[in-house]
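Here's a quick briefing to read with the model open in your viewer.

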Amino acid sequence: MTNAEVLDVVRQTFMLALRIALPFLLVSMLIGLVLAILQAATSINEQTLMFVLKLVGIVVMIFILGSSVLATMQGFFTDILGMIQAG
């Protein structure tokens, strides 16, 4: 492999990691923001509430996007194996 091919694989890896993690991070951030505003408005300072709601949101996202994430990772792994086989 040339240096350009290695850099391309690294770039693809980082982009894949971003595409996989971004929906989960956005859901967690939005839940945290909405809950923080709600807690500030009602003076409820319960940290376990935020943790549980974020956990539930991420689990729901796993059920929604799980097969898509798995297919994306399988495609990337197949591409990498093809590059290894080609030399």
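Searching the whole structure, which is a predicted model, turns up one salt bridge. The partners are Asp8 and Arg11, whose side chains meet at 3.0 Å, N to O.

**The salt bridge**
- Both Asp8 and Arg11 belong to helix 1, and they sit three residues apart, or about one turn of the helix.
- An α-helix has 3.6 residues a turn, so residues three or four places apart point the same way.
- Side chains of opposite charge can pair when their charged atoms come close.
- Asp8 counts as partly exposed because its relative accessible area is 29%, which falls between the 20% and 50% cut-offs.
- Arg11 is partly exposed too, with a relative accessibility of 47%.

**Helix 1: shape**
- Helix 1 takes in residues 3-42.
- It has 40 residues, and the distance from its first C-alpha to its last is 56 Å, close to the 58 Å expected at 1.5 Å a residue.
- Still, helix 1 has a bend of about 35 degrees at Ala21, with a proline, Pro23, following within four residues.

- The buried residues here are Val9, Leu16, Ile20, Phe24, Ser28, Gly32, Leu35 and Gln39.
- Helix 2 is part of what covers them.
- Take Ser28 as an example: it is in helix 1 and counts as buried because its relative accessible area is 16%, under the 20% cut-off.
- Leaving out residues up to four places away in sequence, Ser28 touches Lys54 and Ile58.
- For the surface, look at Met15, Leu18, Leu22, Leu26, Met29, Leu30, Leu33 and Ile37, which make a nonpolar patch of about 760 Å².
- Leu33, one of the patch residues, is placed in helix 1.

**The loop**
- Which residue follows helix 1 with a positive phi? That's Ser43, with phi near 60 degrees.
- The positive value at Ser43 comes in a residue other than glycine.
- Ser43 is in the loop between helix 1 and helix 2.
- Is Ser43 buried or exposed? Ser43 counts as exposed because its relative accessibility is 63%, over the 50% cut-off.

**Helix 2: kink, buried residues and end**
- Helix 2 covers residues 47-86.
- Look for a kink of about 60 degrees in helix 2, centred on Leu65.
- Met50, Gly57, Met61, Val69 and Phe76 are the buried residues of helix 2.
- The cover over those buried residues includes helix 1.
- Just past the end of helix 2 comes Gly87, where phi is positive at about 95 degrees.

- Thr72 is part of helix 2.
- Thr72 counts as partly exposed because its relative accessibility is 29%, between the 20% and 50% cut-offs.
- Setting aside residues up to four places away in sequence, the contacts of Thr72 are Leu16 and Arg19.
- How far apart are the C-alpha atoms of Thr72 and Arg19? They are separated by 9.3 Å, while the two residues are 53 residues apart along the chain.

Note on methods
Residues numbered from 1 in each chain as written. Predicted model: local features only at pLDDT ≥ 70, side-chain atom pairs only at ≥ 80, totals over all residues. Heavy atoms only, no water. Helix = DSSP H or I, 4+ residues; strand = E, 2+ residues; numbered from the N terminus. Buried < 20%, exposed > 50% of the residue type's maximum accessible area, 1.4 Å probe, protein only. Contact = heavy atoms within 4.5 Å. Patch = residues over 30% accessible without salt bridge, like charges linked within 9 Å, V, L, I, M, F, W, Y side chains within 5 Å. Areas by Shrake-Rupley, 256 points an atom, 1.4 Å probe, with all protein chains shown as cover. Salt bridge = Lys/Arg side-chain N within 4 Å of Asp/Glu carboxyl O. Expected span 1.5 Å × (residues − 1). Bend = angle between axes of the 7 residues up to and from the residue.
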